[in-house]
Amino acid sequence: MKTIPPNTENASGDPWRQLAVQAAHDARSPLTAICTYAECLAWLPPQDLTTRERYARAVVCEAQRLGRMLADYLVVLGQCPPENAVTLEPVALVRDVLAGLRETLELRGQSLGPVRGQDCPALHWPAGRLRQLLQAAFDCLLTRTSDGQSLGVELAAEYSECLAITLRVEGGAVLRPAVPTLHQQACEHLLAGEGGWLRELLPPLAGLKLTLPLTAASARGDTLPRPERIAS
Amino acid sequence: MAVASPVASRGTVLIVDDEAFIARAVACLLTQLRGAEVHVATDSDQALALARRLRADLVLVDVHMPGTCSVALCRQLRELDHLREVPIYVFTGLLPDEADVAPLLALCDGLISKPPDPVELTAALDAALWGDGCV
C-alpha cells in the first residue's frame, strides 16, 4: 500500500505530497461551482424555473467533472484496474465522449466544432482506459477555454502504426496552466502506459495532440515505465 | 451554523480567476445574496483594465493563473489610487502555508478559500462597504 508522508518541512518536495496537494487544489474548482450554485438554488425564488434549471444543470455537470477528476487521481496514483483490449472505431468513440460533455461546454458558453477524421484505422485498446484518456484531455482544455471559443477535433493516421487525435481550441489560444493539472497528468499517464505520448500545440497552448499506438501496449502484453514526473 | 441570507447591500466586486466558469458561479452568489455588481477578469491585463475603470469595493484574486504573476498583479492593483484602501483577498484552493500563497497574502487583506463559505464571502463584502462593525 502506498502512503503519503506527513506534511513536514522536508516533505515539501515529495512527489506524493505534491500530487495530493495538486489533487486537493484541482478538486476545489468543481467543488466551488457545486457549493456556490447549490447555495444560489437555496435562495432562488421558486417561480424562477429557468434559472433554477440552469443552476441545477451546472451542479450536475460539475459533480460529474469531480467524478472524472477522482478517476484521474487514481490513474496518476497507478491504480488502473486490468482491462482487456477490444477493437474500437475512434471517430465514433470521440463523438460519443464529446456528446457526454456537450452540456458542460454549453454551460460554459463554449461550443463543439466538427470532428474530422476519414479512413481512420481502428484501435485495439482497453475501451474504458481510452474513454478516460479522451475525457481527461477534453477536461484539460475546456477549463482553459474562454467563452465563445469552440473545441475542434481531428483524427488522422500517423507514422505507420499510430493514430493522432488533435484537440484544438478554435478562436484563440489558451494559456498553459502554471502547474500541470490532474487531468493533464492522467492523460500523460494513460498514454505513456500504453506506448503513446502527449504534445501541447503551441503557441501558447492552442490544443493537445495525443499520439496513440493502434494496438495498446497492454494488449501486446508490454509493461511500460510511468512518466518521469510521478515515478521519481 | 450561520446562514448567509439575502440582504440588498450592492457594492462592486472584481474577481480575478482564470477559470471564468468558477468566477461566474461566485458572481451569481454575490449578486443573489447582496445585489452586488460583479465583474470577472481571467488574466492580469483584463484585471488591470477593469480595475482602472471600476470603483471596486472588494477584489478577489486567484493564486495560480497561467501567464500571470498574482503577486505582481496585486502590487499593480495596490498602486492604483482608488484601490489603495480597498480590501483585496486571496481566492484559492491552496492552503495558506503553500509556498505560492504566502507572498501574496503579505500584500492582501486575507484569504477566502475555495469553495467559499457564503457567510465569509458576504461578510467580506459587508465589511468592505460598511466597516467591520456590521459583520
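Figure 1. The model is predicted: local features need pLDDT of at least 70, side-chain atom pairs count only at pLDDT 80 or more, and totals for chains, interfaces and linings use all residues. Residues are numbered from 1 along each chain as its sequence is written, chains are lettered from A and ligands numbered from 1 in written order, and side-chain values use heavy atoms, without hydrogens and water. Helix α1 of chain B spans residues 20-34, and helix α5 of chain B spans residues 118-130. Their axes come within 11 Å and cross at roughly 65°. Axes are lines fitted to C-alpha atoms, for helices over the stretch in contact; angles run from 0 to 180 degrees between N-to-C directions. α1(B) passes α5(B) in a right-handed crossing (near helix turned clockwise from the far one by less than a right angle; anticlockwise is left-handed). From α1(B), Val26(B), Leu29(B), Leu30(B), Leu33(B) and Arg34(B) take part. They meet Pro118(B), Leu121(B), Thr122(B), Leu125(B) and Asp126(B) of α5(B). Contact means heavy atoms within 4.5 Å. By class, this contact has seven nonpolar, one polar and two charged residues. Ala, Val, Leu, Ile, Met, Phe, Trp, Tyr, Cys and Pro count as nonpolar, Asp, Glu, Lys and Arg as charged, the others, Gly among them, as polar.

Figure 2. Residues of α1(A) in the contact include Pro30(A), Ala33(A), Tyr37(A), Cys40(A) and Trp43(A). Among those of α1(B) are Phe21(B), Ile22(B), Val26(B), Leu29(B) and Leu33(B). The contact residues divide into 12 nonpolar, four polar and two charged.

**Figure 3. Thr12(B) lies in strand β1 of chain B, residues 12-16**. Strands are DSSP runs of E, at least two residues; helices are runs of H or I, at least four, and both are numbered from the N terminus. Thr12(B) counts as buried, because its relative accessibility is 14% (buried is under 20%, exposed over 50%, partly exposed in between; 1.4 Å probe, protein chains only). Beyond neighbours within four places in sequence, Thr12(B) touches Glu37(B), His39(B), Arg55(B), Ala56(B), Asp57(B) and Leu58(B).

**Figure 4. Chain A holds seven helices and seven strands**. Along the sequence they run α-α-β-α-β-β-α-β-β-α-β-β-α-α. Of its 232 residues, 49% count as buried.
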